[in-house]
Amino acid sequence: GYTPLLVGLTVSMGGLGSLLGAFLAAPLAKYIGVGRTLIIAQFAFGLANLLVPLASGPVVVTLPLLLLSHFADLCYVLYAIHETRPRQAIIPEGMLGRVASNFTLLTTVTLLLGVLAGGAIASQWGARTALSVAVLIGLMSSVWLLASLLRSSSEL
């Protein structure tokens, strides 16, 4: 029931959040530390994604949920900026291209497996269930960050 204008507005919130995340990345890491920034960004992104399967009903109910979930791309950008820094700091310059391409390959394969699993879950139990499972897995990925030394890491 969304008009093209509402779809565009919803998607544009992701771009606005991403831009804000890029501006906030350095000051936030300086203020609370890189480790805490990574943990908070990952967890907040997972929680914001929970809004997508919860968005049900009339547009007046779903629109704010979807706008906020897309705006949370801010958290994705915060995480992406700070998770890339350690690799760039410790990998020899001549190997950065190979490491980056392997990282991209592994990420793409993992995403493909997730898409296939999501499709199987959605065909069996519905799209809302598949989205909920994806969000829970995303939130679980925050747990290893909490268990790591990142909690107390202010610099890399």
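How many helices and strands does the secondary structure of the chain come to? In this predicted model, the count is 7 helices and 0 strands.

**View 1. The whole chain.** Read along the sequence, the chain has the pattern α-α-α-α-α-α-α. Its C-alpha trace spans about 50 × 35 × 30 Å along the principal axes. The views that follow centre on helix α2, residues 34-49, and then turn to the largest pocket.

**View 2. Helix α1 against helix α2.** Helix α1 covers residues 4-32 and packs with α2 at an angle of about 115°. The two axes are 7 Å apart. On the α1 side, the residues of the contact are Leu28, Ala29 and Ile32. They meet Val34, Arg36, Thr37 and Ile40 in α2. By class, this contact of α1 with α2 has 5 nonpolar, 1 polar and 1 charged residues.

**View 3. Helix α2 against helix α5.** Two packed helices are described by the angle between their axes and the distance between the axes. For α2 and α5, the angle is about 145° and the axes are 8 Å apart. The crossing of α2 with α5 is left-handed. From α2, the contact takes in Val34, Thr37, Leu38, Ala41, Gln42, Ala44 and Phe45. Their partners in α5 are Asp73, Cys75, Tyr76, Leu78, Tyr79, His82, Glu83 and Arg85. The contact of α2 with α5 divides into 9 nonpolar, 3 polar and 3 charged residues.

**View 4. Helix α2 against helix α7.** Helix α7 is made of residues 127-146, and its axis comes within 8 Å of that of α2. The two axes cross at roughly 165°, which means that α2 is roughly antiparallel to α7. This crossing of α2 and α7 is left-handed. Leu38, Ile39, Gln42, Phe43, Gly46, Leu47 and Asn49 are the residues of α2 in the contact. Facing them in α7 are Val135, Gly138, Leu139, Ser141, Ser142, Leu145 and Leu146. The contact of α2 with α7 has 8 nonpolar, 6 polar and no charged residues.

**View 5. The largest pocket.** Rolling a probe the size of a water molecule over the atoms shows where empty space is left. The largest pocket holds about 1300 Å³ of space. It is lined by 35 residues, and those closest to its centre are Gln42, Thr110, Leu111, Gly138 and Ser141. Which helices each supply at least two residues of the lining? They are α2, α5 (73-90), α6 (96-125) and α7. By class, the lining has 24 nonpolar, 9 polar and 2 charged residues. Gln42, one of the residues closest to the pocket centre, also belongs to the contact of α2 with α5 and to that of α2 with α7.

Note on methods
Residues numbered from 1 in each chain as written. Predicted model: local features only at pLDDT ≥ 70, side-chain atom pairs only at ≥ 80, totals over all residues. Heavy atoms only, no water. Axes fitted to C-alpha atoms, helices over the stretch in contact; angles between N-to-C directions. Helix = DSSP H or I, 4+ residues; strand = E, 2+ residues; numbered from the N terminus. Parallel < 35°, antiparallel > 145°, perpendicular 65-115°, else oblique. Left-handed = near helix turned anticlockwise from the far one by under 90°. Contact = heavy atoms within 4.5 Å. Nonpolar A, V, L, I, M, F, W, Y, C, P; charged D, E, K, R; others polar. 1 Å grid on protein atoms, 1.4 Å probe; cavity = no way out; pocket = protein on both sides within 12 Å on 5 of 7 lines; lining within 4 Å. Points joined across faces, edges and corners; volume = space filled by probe spheres on them.
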